[in-house]
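Subject: Structure handover

Hello,

Here is the structure I promised to pass on. Please open it alongside this note, and then read on for what turned up.

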Amino acid sequence: MIPMEKKEKLSPFHTTILVFMIQSGVMALILPQLLAETFGTNGWITVLGFGFVASINIFLIAAVYKLGKGRSIFQILEQSIPKFMLIPFYLALALVWTLLGCMAGKEYILIFQMYAFPTTNPMEFKLIMDLLVFWLLTKGLYNITKASTIFFWLFSWLVLLLFFFYADFSWTRLTPFLFKEGHFTYLESLDIYSSFLGYEIVILLFAYTNQKTKLIKSTLLGNLITTVMYCYLALITFGVYSLGQLKNKAFPVLEMMAYIRFPFIERMENLLYGFILFTVLFSILMYEWCALEMLKQVFPKLKANFLAFMLILSCFIVAYIPETLNEVGDWLSTLSMIECGIAFGLPFLLLIVLMFQKMGSRTAHE
Amino acid sequence: MNRMLSLLLALMLLAVLPGCDYRILERIGYTYAASYDTAPGNQVEIGISIPRADPTVKLQRELHSAIGKSSKDARVKFSNETDLLLVNGQIRVLLYSEDLARKDLANEINSILRDTSISPLVRISLVNGNAKDLLFKNYKQHLSTDKYINRLLEKSSVNNRIPKTTLYEFERDYYEDGVDPVAPILKEEDEDITLDGIGLFRGYQYIAKIPNKDALLFSILRGRIKKGDMALDLAEHENGSAEEYIMFTSVISNRKMHVKHRSGEPIHVTLEANFKGSVHEYIGNLKLSKDADRHQVEKRVSELLTSRANRLVKQLQRYNVDSLGIGIHVRNSMSHKEWKALDWSKEYPRVKVDCQLKFKAKDYGKIR
C-alpha cells in the first residue's frame with residue numbers, strides 16, 4: 001500500500017492566499033492617509049520598505065522553522081521551559097490576539113456604519129460577525145484556508161476597480177519631491193507597519209505543514225502580494241488626490257470607492273464596502289485562531305469548541321467597552337504596537353531557546 | 001443536530017435583524033439639488049429640491065428653503081416642513097450664488113466634505129443672480145429643473161464648454177499647491193438656463209470670471225481634452241480679407257508646459273498645446289482640399305488662438321488666479337527648498353507665459 005499521510009497538510013497556494021488575506025485588513029483603508037501624513041510627497045514608495053521589513057521578519061521565522069526542524073513552537077518551548085512558567089506567557093499572547101481580532105472587527109463595523117445603517121447598534125453587526133468567526137473557527141485550520149481562498153476570489157476583483165482612476169491619475173501631481181512636507185513620527189510609522197501585520201501567525205502553522213507546503217516561500221509570496229497591492233493602491237491614491245487633500249481624509253480608500261460610477265448605478269460604494277468584510281474577516285479569524293491555539297495548550301482537557309465559544313463570547317463582551325471610532329483606533333494602535341513586538345520578539349525568543357537546546361544536545365553527545 | 005441548530009439560528013437572525021433599521025423608499029426625501037445664497041446678518045439661505053414620485057399627487061418635486069447660520073442649521077429648519085425623511089445620499093448638484101462665493105465658500109464646502117453620505121461626484125456650480133430662484137423656477141420646455149441643471153452641466157463638461165467640476169476636483173485643486181479651483185457659472189435666460197462662463201477661485205473665494213466664448217480655449221489650456229467644438233471669426237484677425245469664418249468639432253488636444261529659469265529674470269513658461277479638429281463649416285475664399293490653402297487656414301486659426309490664449313493668461317495673471325495649474329509645473333521644475341522659498345502667489349503675476357497653440361484640421365467634411 002502507498003503510505004498516506006495521516007493528516008492533511010497545508011498547500012502552498014492556500015498558504016499564500018491565507019497570508020495575504022490576514023495581512024490585508026482594515027488598516028488598508030487608512031494607509032494612504034498615514035503615508036501622506038508621515039512621509040509627505042511620494043510616501044507611497046515607503047510601502048516597499050515596510051514590505052521589506054516584513055520579509056526580514058519572515059526570514060527570522062524561517063530560521064526558527066529550519067532550526068526547529070518543523071516542530072511546533074509549543075514543542076520547542078516545552079522541551080526547555082517548564083510548562084507552569086509558559087502558561088502565563090501563553091495566556092498573555094492569547095489575550096493580545098483576542099483583543100486584536102476583536103478591535104479590528106469593531107473598527108470595521110464602526111467605519112462601515114459611518115456610511116450605512118448609522119443608527120443601528122454596532123453590536124448587532126458585531127454579533128453576526130462573531131457568529132461567522134465562531135463557525136469558521138470550529139471548522140479547523142484546513143477548512144479556514146479553503147474558505148479564505150474562496151473569499152479571496154470574492155474580494156480580489158476589487159483591485160480592478162482601480163482602473164476607474166486612471167483618467168484622473170496624474171504623474172505631475174505626484175511631484176518630483178521625495179518625502180517632503182511629511183511629519184515623521186515613530187508611532188505613526190508603527191501604525192503603517194501594522195497594516196502589514198498578520199504574516200507573523202505562520203509561526204503557529206508549523207505543525208500543520210510538511211515539506212510540500214514550502215511554508216516560508218508561500219509566506220514571502222503572500223507578503224509580496226500584499227506589498228505590491230498596497231503600493232499600487234497608495235500610488236493611485238497619491239496620483240488622484242493632492243497631498244493636502246489626502247492628509248485631510250479620514251478614509252481615502254473608502255472615499256475613492258464613492259468616486260466609482262457606472263452608467264446604470266450611482267452611489268454603489270455601499271455595496272463595495274461589504275466586500276471589504278471578506279478580507280477583514282480573515283484577519284480577525286486568524287488572530288482568534290491563534291488565541292485559540294494558545295488556549296488549547298493552557299487547557300488541554302477542555303473541548304476545543306467550548307474554548308472557541310468562550311473566546312468569541314469574551315471577544316464580543318470586550319467589544320462593548322470602546323464605543324467611538326477614536327477609542328477603538330487607540331486600542332488598535334496600542335495592540336498593534338504590542339503585536340509588532342511579538343512579531344519580532346517571539347521568533348527571537350524561540351531562536352534563543354533553540355540555540356540552548358542545540359548546545360545542550362551537543363554537550364550531551366560529547 | 002448541530003447543523004440544524006445553526007441553520008435555525010441563522011434563519012432567526014435573518015428574520016429578526018431586518019427589522020432593526022428599516023427605511024421606506026416613499027417616505028424618504030432624496031435631496032437632488034441644493035442652492036446657497038447670502039442672507040442678511042452673515043447667514044445663508046439654503047434651498048433644496050426633492051423629486052417626488054407619488055402617483056396620488058401631481059407633484060414633480062418638493063421645494064424648501066430656510067435661512068440659517070450654516071447649511072446644516074437651515075436643514076434642521078426645513079426638515080420640520082416636510083413629512084419626508086431628508087437624506088443627502090443622492091445630491092447631484094450644488095448651486096452657489098456669485099455673491100456668496102465672493103465672500104468665501106470654505107464653511108459650506110467643508111460641511112459637505114464632512115458629510116459621509118454626500119458623493120464626491122456632486123457637481124458644483126455658481127449662479128449669476130439668485131441661486132434659489134434659478135433652482136425653484138420651472139422651465140416650461142425642460143425637465144424638472146434639478147435634473148435639467150444636472151444634465152446641462154454633465155453634457156457641457158463632456159463637451160468641454162466648462163471644466164469638469166465635481167466636489168472631488170474642486171477640493172483637490174484647493175489643496176494642491178500650484179493650481180486654483182474653478183467652477184462653471186449658470187444664469188437664467190428667459191425660459192432657459194444657460195452657461196455664463198467659468199468662475200475663477202483663489203482658495204474657496206470666487207475672484208473673477210472668464211466669458212463663455214473663451215471656455216473651450218480655457219479647457220485646451222488647462223489640459224488634455226477629447227471633445228468640443230469651436231467657431232471662430234477669422235476676419236477679426238486678418239483685417240484685409242473679406243468674411244471668413246470657420247467652425248470645427250471633435251477637438252482633441254494635449255498640453256505641455258516647459259519651464260525655464262534664468263537668473264535675474266522672471267520664470268519663463270512655454271505653454272504648448274496641439275489640437276486637432278474636424279472642420280464642419282468654412283466660409284471664405286480658400287479651398288480646404290488644397291494643402292497650401294488648408295495650411296494657411298490652420299496657421300490663421302493657430303495664430304488667432306495663440307493671441308487669444310496669451311490675452312487670457314495675462315488676464316488670469318492680473319486676477320492672480322492660477323487656474324491653469326502653471327504652478328504645478330513650476331514646482332516640479334525646481335527643488336523642494338526653492339519651491340518653498342518661492343511665494344508662488346507673489347511670483348505668479350510676474351511669470352512670463354508664452355502660449356503656443358497649433359491647430360491641425362484632421363478632415364474637412366464631405367465636400368472638397
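Start with helix α7 of chain B, residues 167-175, which is mostly covered: eight of its nine residues are buried. Those buried residues are Leu167(B), Tyr168(B), Glu169(B), Phe170(B), Glu171(B), Arg172(B), Asp173(B) and Tyr174(B). What do they pack against? Within chain B, the buried residues of α7(B) meet α4 (106-114), β7 (123-128) and β8 (182-189). They also pack against α11 of chain A. Keep in mind throughout that this is a predicted model.

That brings in the contact between the chains. Here 23 residues of chain A are in contact with 21 residues of chain B. On the chain A side, four helices each supply at least two residues: α5 (83-115), α6 (122-138), α11 (243-247) and α12 (252-258). α6(A) gives the most, with three residues. By class, this side of chain A has 10 nonpolar, eight polar and five charged residues.

Next, chain A as a whole. How many helices and strands does chain A have? There are 15 helices and zero strands. The radius of gyration of chain A is 21 Å, close to the 21 Å that the globule rule gives for 366 residues, so chain A is as compact as a globular protein of that length. Its C-alpha atoms fill a box of roughly 70 × 45 × 45 Å along the principal axes. Buried residues make up 45% of the 366 residues in chain A.

One residue to look at in chain A is Ala343(A). You will find Ala343(A) in helix α15, residues 325-365. Is Ala343(A) buried or exposed? The cut-off for buried is 20 or more other C-beta atoms within 10 Å. Ala343(A) has 24 C-beta neighbours inside 10 Å, so it counts as buried. Leaving aside neighbours within four places in sequence, Ala343(A) is in contact with Asn57(A), Leu197(A) and Glu200(A). Leu197(A) is 146 residues away from Ala343(A) along the chain, yet their C-alpha atoms are separated by 8.0 Å.

Now the cores. In soluble globular proteins, nonpolar side chains tend to be buried together. Here the largest nonpolar core has 109 residues. Those with the most contacts inside this core are Leu31(A), Met103(A), Leu285(A), Cys290(A) and Ala291(A). Helix α13 of chain A, residues 269-298, supplies the largest share of the core, 16 residues. Take Leu31(A) from that list. Beyond its neighbours within four places in sequence, Leu31(A) is in contact with Ile192(A), Ser195(A), Tyr230(A) and Ala234(A). Another core, of 80 residues, lies apart from the largest one. Among its residues are Ile48(B), Ala66(B), Phe170(B) and Val301(B).

Over to the strands of chain B. Strand β3(B), residues 43-51, is mostly covered, with seven of its nine residues buried. Which strands pair with β3(B)? One is β2(B), residues 33-39, which runs antiparallel to β3(B) and is joined to it by seven bridges. In this pairing, Tyr36(B) stands opposite Ile46(B). The hairpin of β2(B) and β3(B) has three residues between the strands. There, Gly41(B) takes a positive phi near 75°. Another partner is β4(B), residues 61-68, which pairs with β3(B) in the antiparallel sense over eight bridges. Across that pairing, Glu62(B) in β4(B) is the bridge partner of Ile50(B).

Last, the domains. The domain assignment of chain B gives domain 1 (21-210) and domain 2 (212-368). Their centres, taken over C-alpha atoms, are separated by 32 Å. The contact between them takes 22 residues from domain 1 and 23 residues from domain 2. On the domain 1 side, β9 (192-202) and β10 (205-210) of chain B are the elements that give two or more residues. β9(B) gives the most, with seven residues. This side of domain 1 divides into 12 nonpolar, four polar and six charged residues.

Best wishes

Note on methods: Residues are numbered from 1 along each chain as its sequence is written. Chains are lettered from A and ligands numbered from 1 in the order in which they are written. Two residues are in contact if their C-beta atoms, placed from the backbone, lie within 7 Å. Ala, Val, Leu, Ile, Met, Phe, Trp, Tyr, Cys and Pro count as nonpolar, Asp, Glu, Lys and Arg as charged, and the others, Gly among them, as polar. Domain bounds come from an automatic or database domain assignment. A residue is buried if 20 or more other C-beta atoms lie within 10 Å of its own, exposed if 12 or fewer, and partly exposed in between; C-beta atoms are placed from the backbone. Two strands pair if DSSP finds at least two bridges between them. The radius of gyration is taken over C-alpha atoms; the globule rule is 2.2 Å times the number of residues to the power 0.38. A nonpolar core is a set of buried Ala, Val, Leu, Ile, Met, Phe, Trp, Tyr and Cys residues joined through C-beta atoms within 7 Å.
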